[in-house]
Amino acid sequence: MDKKKSGVSQVLSRFRGWIQAGATLLTNLHLPNFLKGGLYQGAGKTVCVPGLNCYSCPAASGACPIGAFQAVVGSSKFSFSYYITGFLILLGVLLGRFICGFLCPFGWFQELLHKIPTKKLSTKKLKPLTYIKYVVLLFAVVLLPVLVVNDVDMGDPFFCKYICPQGVLEGAIPLAIANAGIRSALGHLFTWKLAVLIAVVVLSVLFYRPFCKWICPLGAFYALMNRVSLLGIRVDACKCVSCGKCSKVCQMDVDVVRAPNHAECIRCGKCIGACPVAVSYTHLTLPT
């Protein structure tokens, strides 16, 4: 069984890029809408996707969980979204930040940018910045939409409206290109969000997944589930020789031997590729 589990772990690690591409395509199935300048508004939009993917993307086949949550808590009719919160908790308990490493379109986008050949910078000395995403989750996603409301008791989706670069990348830019009316309506908010996107793009070329590490509230939520998720990383103490190869290849700055299921681990499997003998995914078994 150990050999089967190790085999599955290595396959996942080896084909992660293809899995990310496939997940992005499934999340954005309605590609012809890019040319039409309109959104898919079918029944699929009532279902959340696991990763950060803008509802306003013309091709989006489902709703972004952060955007959907904010739409509910900011509504005058509701104060809390049990469905979306339950959906996120279920995914978190099952997979943890495996979603960030394998299923999130914006995570994949950052990784592609990081492959651009140029000098790369380490984030190891910037670890305190990883706590910013929890502040973003608490305030921009949960508290501000509930507490800062207009005359009809409706709150703005603060994260989606003022911070999220995925909305500009997938939504505003494609829609503006295809729709003259939308182009003419762009204003200062679009300029600000475009600046945020450009900053994330530049940082992603230099640093590995900066938005995931420092800003993403969805990553923050899944990070809270990492230590209890059924899918995790396991280091076999009997086979580990403390060579440090697993931690050296980790671009999320995790000490794999000491804390294999650290909140920052995105289950990318690079540590497994470096040491397939001692490191593997947990709870990956094949039927006998």
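How much space lies in the second largest pocket? In this predicted model, the second largest pocket holds about 220 Å³ of space. Its lining is made up of 13 residues, and those closest to the centre are Lys-127, Thr-130, Asp-253, His-262 and Glu-264. By residue class, the lining of the second largest pocket comprises 6 nonpolar, 2 polar and 5 charged residues.

For the largest pocket, the computed volume is about 570 Å³. A total of 26 residues line the largest pocket, and Cys-54, Ser-56, Cys-160, Gly-167 and Lys-193 are the ones nearest its centre. Two or more lining residues are contributed by each of helix 4 (65-73), helix 9, helix 10 (165-178) and helix 12 (188-206). Of the elements involved, helix 10 provides the largest share of this lining, with 6 residues. The lining of the largest pocket divides into 18 nonpolar, 6 polar and 2 charged residues.

Aromatic contacts were examined next. The arrangement of two aromatic rings is described by the distance between their centres and the angle between their planes. The structure contains 7 aromatic pairs. In one of them, the ring centres of Tyr-131 and Tyr-134 lie 6.4 Å apart and the planes meet at 40 degrees, so the pair is classed as tilted. With a relative accessibility of 57%, Tyr-131 counts as exposed, whereas Tyr-134, at 21%, counts as partly exposed. The value for Tyr-134 does not qualify as buried because that class requires under 20% relative accessible area.

A tilted pair is also formed by Phe-158 and Tyr-162, with 5.7 Å from centre to centre and 40 degrees between the planes. Both residues belong to helix 9 (residues 158-163), where they are 4 residues apart and therefore separated by about one helical turn. Phe-158 has a relative accessibility of 16% and so counts as buried, while Tyr-162 is partly exposed, with a relative accessible area of 31%. Helix 9, which carries this pair, is also among the elements that give two or more residues to the lining of the largest pocket. Elsewhere, one aromatic cluster is formed by Phe-106, Phe-109 and Phe-211.

The charged end of Arg-16 is placed over the ring of Phe-102, at 5.9 Å from the ring centre. In a further contact, Lys-45 lies over the face of Tyr-55, 3.9 Å from the centre of the ring.

Notes. Residues are numbered from 1 along each chain as its sequence is written. This is a predicted model: local features need pLDDT of at least 70, side-chain atom pairs count only at pLDDT 80 or more; totals for chains, interfaces and linings use all residues. Side-chain values use heavy atoms; hydrogens and water are left out. Rings of Phe, Tyr and Trp (its six-membered ring) pair if their centres lie within 6.5 Å; planes under 30 degrees apart count as stacked, over 60 as edge-to-face and the rest as tilted. Buried means under 20% relative accessible area, exposed over 50%, partly exposed in between (1.4 Å probe, protein chains only). A charge sits over a ring if NZ of Lys or CZ of Arg is within 6 Å of the ring centre and within 35 degrees of the ring normal. On a 1 Å grid over the protein atoms alone, a cavity is a set of points where a 1.4 Å probe fits but cannot get out, and a pocket is an open set with protein on both sides within 12 Å along at least five of seven lines; lining residues have an atom within 4 Å of a point. Grid points are joined across faces, edges and corners, and a volume is the space filled by probe spheres set on the points. Ala, Val, Leu, Ile, Met, Phe, Trp, Tyr, Cys and Pro count as nonpolar, Asp, Glu, Lys and Arg as charged, and the others, Gly among them, as polar.
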